[in-house]
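Dear colleague,

Please find below the structure that I am handing over to you.

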Amino acid sequence: MFNGFISRLLPYIPRSLVRVVASKYIAGENVFDAMNAVKMLNSCGCVCTVDMLGEFVTSRAQVEHEVNGVISVVQAIHSSGVQSGVSLKLTSLGLDIDYDFCKNNVKAILDAARKHDIFVRFDMENTPYTQRTIDLYNDLYDEYGARIGLVFQAYLRRTEDDILSLADKKTSVRLCKGIYKESPEHAFQTREEIQANYKRLLSLLLENGIYTGIATHDDVLLHYAMDYIETHDIPSDKYEFQMLLGVRESKRRELLRLGHKVRVYVPFGKDWYGYSVRRLKENPEMAGNIVKAFLKPGS
Ligand SMILES: Cc1cc2nc3c(=O)[nH]c(=O)nc-3n(C[C@H](O)[C@H](O)[C@H](O)COP(=O)(O)OP(=O)(O)OC[C@H]3O[C@@H](n4cnc5c(N)ncnc54)[C@H](O)[C@@H]3O)c2cc1C
């Protein structure tokens with residue numbers, strides 16, 4: 001209840017305070033910070049995907065800046081020799097401005113990534129963009145094939161059909177619950193319904209041999225996934241677990257100890273506020289952490 005109250009207050013809490021509490025979810029402001037985080041995670045046995053924070057960009061000049069930024073991430077991954085892919089939010093690359101403009105921007109990034117054999121995944125944003133994200137993936141599939149992947153959200157009612165519509169492709173899928181506020185018309189609303197759909201979709205993906213990034217910190221789903229993998233003898237080259245930087249690190253270490261591949265999503269950049277607020281709202285200890293940061297001298 002206290003968390004709900006703080007959630008409603010978040011827009012009024014000074015950014016500097018939000019920054020302090022949210023810092024564990026963000027690698028830093030620049031690409032060097034991101035590479036340092038990736039190196040550290042690689043040394044602990046995790047692979048990564050780097051996200052240069054940014055979304056809902058409406059100016060072409062800003063989009064160009066974003067495209068160049070992501071290309072510099074690709075180059076940094078290559079020159080640092082780290083094990084990491086890249087995650088993209090298409091609304092930072094012009095999806096809200098013009099579909100073909102966005103497609104050309106994504107192609108520029110994919111060409112740079114292909115040179116260095118770096119995998120690129122399109123994050124899934126809110127429902128106004130779901131179909132356009134899938135369309136863009138389909139439009140680029142013939143040229144980039146297994147070098148690109150998609151994300152599906154288990155809270156959406158349409159996701160099962162979306163997965164089935166890609167059955168003839170070798171799609172690499174990240175399956176997450178979904179983070180945006182969606183209407184009951186589009187999305188399951190209760191925790192139980194979302195978990196049930198997540199389990200159904202995960203089984204569908206794995207039984208069809210689709211490479212799946214199991215992106216969740218939810219114990220119920222993690223146990224379901226581990227049981228399914230064991231009882232159905234799912235080979236280790238058909239799945240990986242995925243977690244967000246700064247979330248449930250002890251669980252991440254446990255998955256590694258059990259011999260699973262784990263990828264950590266590493267966001268960085270100056271546009272940290274929207275992402276951080278979403279993470280804080282999911283943190284069961286958010287209220288306490290904000291109060292602690294507020295009471296700490298100098299924060
Ligand atoms: C690698 C990765 C990529 C993602 N990409 C997308 C995407 O493209 N599109 C999209 O809509 N969503 C994406 N998400 C977010 C996802 O949809 C969920 O919002 C988020 O992962 C929380 O759901 P959960 O399955 O972990 O379950 P929850 O029920 O939210 O969490 C389970 C438990 O994990 C712990 N936990 C969760 N979050 C936090 C936190 N911030 N701080 C501390 N503890 C926490 C708590 O103990 C909680 O009870 C991604 C998630 C991951 C892991």
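A polar contact here is a pair of N or O atoms within 3.5 Å; within protein, one must be able to donate a hydrogen and the other to accept it, and residues adjacent in sequence count only if both atoms are side-chain atoms. The model is predicted: local features need pLDDT of at least 70, side-chain atom pairs count only at pLDDT 80 or more, and totals for chains, interfaces and linings use all residues. Residues are numbered from 1 along each chain as its sequence is written, and side-chain values use heavy atoms, with hydrogens and water left out.

Tyr-25 places a polar side-chain atom 2.9 Å from a ligand nitrogen atom. The side chain of Gln-153 has an N or O atom 2.9 Å from an oxygen atom of the ligand, and that of Arg-174 has one 3.1 Å from a nitrogen atom of the ligand. On its own the ligand has 940 Å² of accessible area, of which the protein covers 88% (Shrake-Rupley method, 1.4 Å probe; for residues, only the protein chains shown count as cover).

The shell around the ligand holds 26 residues, of which Lys-177, Gly-178, Thr-216, His-217 and Glu-282 come nearest (near: a heavy atom within 4 Å). At least three residues of this shell come from each of domain 1 (1–26 + 272–290) and domain 2 (29–271), with bounds taken from an automatic or database domain assignment.

Yours sincerely
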